[in-house]
Amino acid sequence: MKVTLKIKRYNPETDKEPYFREYPLEVQPTDRVLDALMYIKDFVDGTLALRRSCAHGVCGSDAMVIDGQERLACKTLIRDVAKEEAAVITVEPLKHLPLLRDLMVDQGQFFERYRAVKPFFISDEALEEGERLQSPEDRHLFDDPTKCILCAACYSACPILDGKNPRFVGPAAIVQGARFVFDSRDRGFEERLSVLDHPDGVWACENHFECTRVCPRGIKVTKNINLTKRKISQLRQERGEEEHKA
Ligand code: SF4
Ligand code: FES
């Protein structure tokens, strides 16, 4: 089938503003958008800049806005976004992160916020021998957040970061925090509160569910944010502290 990829282009050395350039292509409906982008890069226009690595939905490096929605280019088939012959498919970089070039954004701020929640196991409890065992039920409590591949699709789709609160730590950082907050062996909850229990932390979320809608790993992102809110509220209640007024 014939389609046109309408790609947002920007070269900071030569362009004042980003602009769209159209690339007509002959493709199969079962080709992936990443295949089409790589065809353009390899055979039509070698100046096109994009990130990709695994090409199998694992590394999270090729998240972009395809046909108006955040998706992984390697997991999006042409037929998912081109419903008829001669369809035009728009391809744009992620939002809420500085544009470097074409489809590449500067992910620095995203990973800074990710690191702020201390996304690693914390416990000073001595281990006499063996491993830190956990029941299958307790392991299941944080199964969902372990699927996150840090693609930043949710960060781009979040309407809170649109202007209401650009300091919001973002959905992915909270999901990565939840990975450890709900791990029965972890003791780092208190250390993470300065970031999570904060107006720019979980309380900035207004349940728009855009993060959950776009997550390519099917993670219940908003649910994880709300479970974290509930755990913080429980701790405040136990301590006789005031409830957060979101
Ligand atoms: S929560 Fe989903 S959308 Fe957000 S970074 Fe992780 S995998 Fe990507
Ligand atoms: S290239 Fe790795 S997730 Fe798409």
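Select residues Pro171, Ala172, Ala173, Ile174, Val175, Gln176, Gly177, Ala178, Arg179, Phe180 and Val181: these are the buried residues of helix 6. Buried means under 20% relative accessible area with a 1.4 Å probe, protein chains only. Helices are DSSP runs of H or I, at least four residues, and strands are E runs of at least two, numbered from the N terminus. Helix 6 covers residues 171-181, and eleven of its eleven residues are buried.

This is a predicted model, where local features need pLDDT of at least 70 and side-chain atom pairs count only at pLDDT 80 or more, while totals for chains, interfaces and linings use all residues. Residues are numbered from 1 along each chain as written, chains are lettered from A and ligands numbered from 1 in written order, and side-chain values use heavy atoms, without hydrogens and water.

Next, show the partners of helix 6. Its buried residues pack against helix 3 (108-116), helix 5 (153-157), helix 7 (189-196), helix 8 (210-214) and helix 9 (221-238). Contact here means heavy atoms within 4.5 Å.

Now select ligand 1. Around ligand 1 are Cys148, Ile149, Leu150, Cys151, Ala152, Ala153, Cys154, Ala172, Cys215, Pro216, Arg217 and Val221, each with a heavy atom within 4 Å. The shell has eleven nonpolar, no polar and one charged residues. Ala, Val, Leu, Ile, Met, Phe, Trp, Tyr, Cys and Pro count as nonpolar; Asp, Glu, Lys and Arg as charged; the others, Gly among them, as polar.

Finally, zoom out. The chain has nine helices and seven strands. Its C-alpha atoms fill a box of roughly 60 × 40 × 35 Å along the principal axes. Of the 246 residues, 48% are buried.

Terms used. Buried means under 20% relative accessible area, exposed over 50%, partly exposed in between (1.4 Å probe, protein chains only).
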